[in-house]
Amino acid sequence: MKWTIALCYPPNLQRPILHEWHLERLADLGRVLHTEWSDPEQARRALYEADAAITSWGTPRLDEEWLCHCPRLKVVAHAAGTVKGLVSAALWERGIRVSSANGPLGEGVAETALGMTIASLKNMWRIDRAARAGGWTEERRLARELYQITVGVIGAGKAGTHYMKLLRPFRVKVLVYDPFVSRQRLAELGATRTELDELIRQSDVVSIHAPLLPSTRNMLDRGRLMAMKDDAIIINTARAPIIDEEALIEQLSLGRLFACLDVTSSEPLAADHPLRSLPNCALTCHIAGAVSNGGYRLGQFAVEELERFKRGMKMEGEVEREQMEILA
């Protein structure tokens, strides 16, 4: 039996999601309907016919008000990261299955974090600025290799796990703090589970991949930042409030640390924000996830998830109701 598949996200996304070849694969599953969210009535008519839906950034929360217009809906493939702003109790109660592309999104985040790790150890950010200002080798003395150092990973979810896999070719020690992942699983990834304070003290590079939860807000506070090694590098491609930003500015102002921040407390930062002027801080304006052609990776995954579901296979990114408390 062929499905009706509703594409339930605004057409003016900053990143593309589905290419023509993705639409051709979807057509093999059934009829594809492009919903027009600027016309709620048209969107409801499309959802009324839908057996499956692909959602993304900008899709309204699937609460009781919307789901009452979806009598046939069986599965939602979310071509984005977290589903916390999308799902509701009504979805679970209706037995609708949901999948998140958090895995492929995390791959892009991990690749960005690895790039930041190498660039920061090599001191590329400051070497570039010095060269543009007329200098040449002044900053070279601080350049290091991704070799025989300790890398600390906070959070072993999709992005953190992929970051560890990317570190495998390098001769480095990897420490991980994640209370929800077993020592055995981390050992399979070539990493050692440890407590957060021990990770902070030992690591030359600390890369944050934890979700923002009440327990992780300001996790890296003044005390922990002060406990980091001199010349340590801190990378945040997760959520800004995991670091106490005022305390970070204080430590950066002392010249002790180097920070790569893809996320900040406000985006964009005020023109006179101190992070903009600190020479030991690199800012990358929230590009770690899917940007530009990276959106196709999420669309590809969503299409594959619907194919798996229709064949009766387990979806790789399926989200269970009981997972919601620890998800980003």
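Is Trp21 buried, partly exposed or exposed, and at what relative accessibility? Trp21 comes in at 44% relative accessibility, so it counts as partly exposed; here buried means under 20% relative accessible area, exposed means over 50%, and partly exposed is in between (1.4 Å probe, protein chains only).

This is a predicted model, where local features need pLDDT of at least 70 and side-chain atom pairs count only at pLDDT 80 or more, while totals for chains, interfaces and linings use all residues. Residues are numbered from 1 along each chain as its sequence is written, and side-chain values use heavy atoms, with hydrogens and water left out.

**View 1. The whole protein.** The protein has 13 helices and 12 strands; these are DSSP runs (helices H or I, at least four residues; strands E, at least two), numbered from the N terminus. Its radius of gyration is 22 Å, close to the 20 Å that the globule rule gives for 328 residues, so the protein is as compact as a globular protein of that length. That radius is taken over C-alpha atoms, and the rule is 2.2 Å times the number of residues to the power 0.38. Along the principal axes, the C-alpha trace spans about 65 × 45 × 35 Å. Of the 328 residues, 51% count as buried.

**View 2. Two aromatic pairs.** Searching the whole structure turns up two aromatic pairs. Rings of Phe, Tyr and Trp (its six-membered ring) pair if their centres lie within 6.5 Å; planes under 30 degrees apart count as stacked, over 60 as edge-to-face and the rest as tilted. Trp3 and Phe309 make a tilted pair, 5.9 Å centre to centre with 45 degrees between the planes. Trp3 sits in strand S1 (residues 3-8) and Phe309 in helix H13 (residues 295-310), so this pair ties together parts that are 306 residues apart in sequence. Both Trp3 and Phe309 are buried. Trp21 and Tyr296 also form a tilted pair, at 6.1 Å centre to centre and 50 degrees between the planes. Here Trp21 belongs to helix H1 (residues 20-29) and Tyr296 to helix H13, so parts 275 residues apart in sequence are tied together. Tyr296 is partly exposed, with a relative accessible area of 24%.

View 3. Six of the six residues of S1 are buried, so the strand is largely enclosed by the rest of the structure. Both faces are covered, with Trp3, Ile5 and Leu7 on one side and Thr4, Ala6 and Cys8 on the other. Ala6 has a relative accessible area of 0%. S1 pairs with strand S2 (residues 30-34) in the parallel sense over five bridges, and Thr4 stands opposite Arg31 in S2. Strands count as paired if DSSP finds at least two bridges between them. S1 also runs parallel to strand S3 (residues 52-55), joined by four bridges, with Ile5 opposite Ala52. For a sense of scale, Ala6 and Gly135 are 129 residues apart in sequence and 57 Å apart in space, C-alpha to C-alpha.

**View 4. The seven-stranded sheet.** Seven strands form an open sheet with parallel pairing, in the order S8-S7-S6-S9-S10-S11-S12. Strand S8 (192-193) and strand S12 (281-283) stand at the edges with a single partner strand each, so one side of each has no neighbour in the sheet. Strand S10 (residues 233-236) and strand S11 (residues 258-261) run parallel, joined by four bridges. Ile235 has Cys260 in S11 as its bridge partner.

**View 5. The cavity.** The structure holds one cavity of 30 Å³ or more. On a 1 Å grid over the protein atoms alone, a cavity is a set of points where a 1.4 Å probe fits but cannot get out, and lining residues have an atom within 4 Å of a point. Grid points are joined across faces, edges and corners, and the volume is the space filled by probe spheres set on the points. The largest cavity has a volume of about 50 Å³. Its lining is Asn236, Ala240, Ile243, Glu245, Leu248, Leu261, Val263 and Thr264. By class, that makes five nonpolar, two polar and one charged residues, where Ala, Val, Leu, Ile, Met, Phe, Trp, Tyr, Cys and Pro count as nonpolar, Asp, Glu, Lys and Arg as charged, and the others, Gly among them, as polar.

View 6. The peptide bond from Glu267 to Pro268 is cis, with omega near 0 degrees; Pro268 is in the loop between S11 and helix H12 (274-277). Asn218 is not a glycine, yet has a positive phi of about 55 degrees. Cys285, in the loop between S12 and H13, has a positive phi too, near 45 degrees. At 67% relative accessibility, Cys285 counts as exposed.

Conventions
On a 1 Å grid over the protein atoms alone, a cavity is a set of points where a 1.4 Å probe fits but cannot get out, and a pocket is an open set with protein on both sides within 12 Å along at least five of seven lines; lining residues have an atom within 4 Å of a point.
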